[in-house]
Amino acid sequence: SADAAPPKRAPLAAAAAGEEGRVRGFIGTLAGTEFATSPLSNSRKGGLLGLAAATVALAPHTDPYLSVIVPPILHSFDDADSRVRYYA
């Protein structure tokens with residue numbers, strides 16, 4: 001009928017269940033040299049924010065990705081830029 005509500009969209013975690021490779025690639029990009037471990041502090045902050053957002057979006061299905069997510073965050077606690085440390 002014309003009054004029927006549109007179907008609800010699946011949360012990211014449910015949608016990503018069949019696309020683990022793409023999710024792992026996305027997280028790897030955020031954790032890699034383009035973002036979280038970049039020489040540019042603004043890129044590092046963006047990478048950390050992206051990792052945080054991905055972790056929240058994938059919860060409670062983050063376990064397979066923690067080995068990629070956690071190391072750049074821990075490394076950021078020693079960053080020379082106080083703003084990067086804050087985002088870590």
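Here is a colleague's note on this predicted model, point by point.

1. **Ground rules.** This is a predicted model, in which local features need pLDDT of at least 70 and side-chain atom pairs count only at pLDDT 80 or more, while totals for chains, interfaces and linings use all residues. Residues are numbered from 1 along each chain as its sequence is written, and side-chain values use heavy atoms, with hydrogens and water left out.

2. **The overall layout.** Start with the parts list: the protein has 5 helices and 0 strands. Reading from the N terminus, the order is α-α-α-α-α. Helices here are DSSP runs of H or I with at least four residues, strands are runs of E with at least two, and both are numbered from the N terminus. Of the 88 residues in the protein, 31% are buried. Buried means under 20% relative accessible area, exposed means over 50%, and partly exposed is in between (1.4 Å probe, protein chains only).

3. **Contacts along the chain.** Take the contacts with a separation of 6 or more: 57% of them are between residues 24 or more positions apart. A contact means heavy atoms within 4.5 Å.

4. **α2 against α3.** Two packed helices are described by the angle between their axes and the distance between the axes. The axes of α2 and α3 come within 8 Å and cross at roughly 150 degrees. (Axes are lines fitted to C-alpha atoms, for helices over the stretch in contact, and angles run from 0 to 180 degrees between N-to-C directions.) That makes α2 roughly antiparallel to α3. The cut-offs are under 35 degrees for roughly parallel, over 145 for roughly antiparallel, 65 to 115 for roughly perpendicular, and oblique for the rest. The crossing of α2 and α3 is left-handed, a label used if the near helix is turned anticlockwise from the far one by less than a right angle, with right-handed used if clockwise. On the α2 side, V23, F26, I27, L30 and A31 make the contact, and on the α3 side G47, G50, L51, A54 and L58 do. By class, these residues are 8 nonpolar, 2 polar and no charged. Ala, Val, Leu, Ile, Met, Phe, Trp, Tyr, Cys and Pro count as nonpolar, Asp, Glu, Lys and Arg as charged, and the others, Gly among them, as polar.

5. **α2 against α4.** Look for R24, I27, G28 and A31 in α2 meeting V68, I69 and P72 in α4. This contact has 5 nonpolar, 1 polar and 1 charged residues.

6. **α3 against α4.** Helix α3 (residues 41-58) and helix α4 (residues 66-76) have axes that come within 11 Å and cross at roughly 140 degrees. The two are therefore oblique to each other. α3 passes α4 in a left-handed crossing. The contact is made by L48, L51 and T55 of α3 with I69, P72, I73 and S76 of α4. Sorted by class, they give 5 nonpolar, 2 polar and no charged residues.

7. **The cis bond.** The peptide bond joining A59 and P60 is cis, with omega about 0 degrees. You'll find P60 in the loop between α3 and α4. For context, most peptide bonds are trans.

8. **The nonpolar core.** Which residues make up the largest nonpolar core? They are V23, I27, L30, A31, A36, L51, A54, L58, Y65 and I69, 10 residues in all. A nonpolar core is a set of buried Ala, Val, Leu, Ile, Met, Phe, Trp, Tyr and Cys residues joined through side-chain atoms within 4.5 Å.

9. S76, in helix α4, is buried at a relative accessible area of 1%. Leaving aside neighbours within four places in sequence, S76 is in contact with A36, L48, V84, R85 and A88. D81 lies in the loop between α4 and α5 and counts as buried at 15% relative accessibility. Not counting residues up to four places away in sequence, D81 touches S41 and R44. S82, in helix α5 (residues 82-87), is partly exposed, with a relative accessible area of 44%. S82 and S41 are 41 residues apart in sequence, and their C-alpha atoms are 9.8 Å apart in space.
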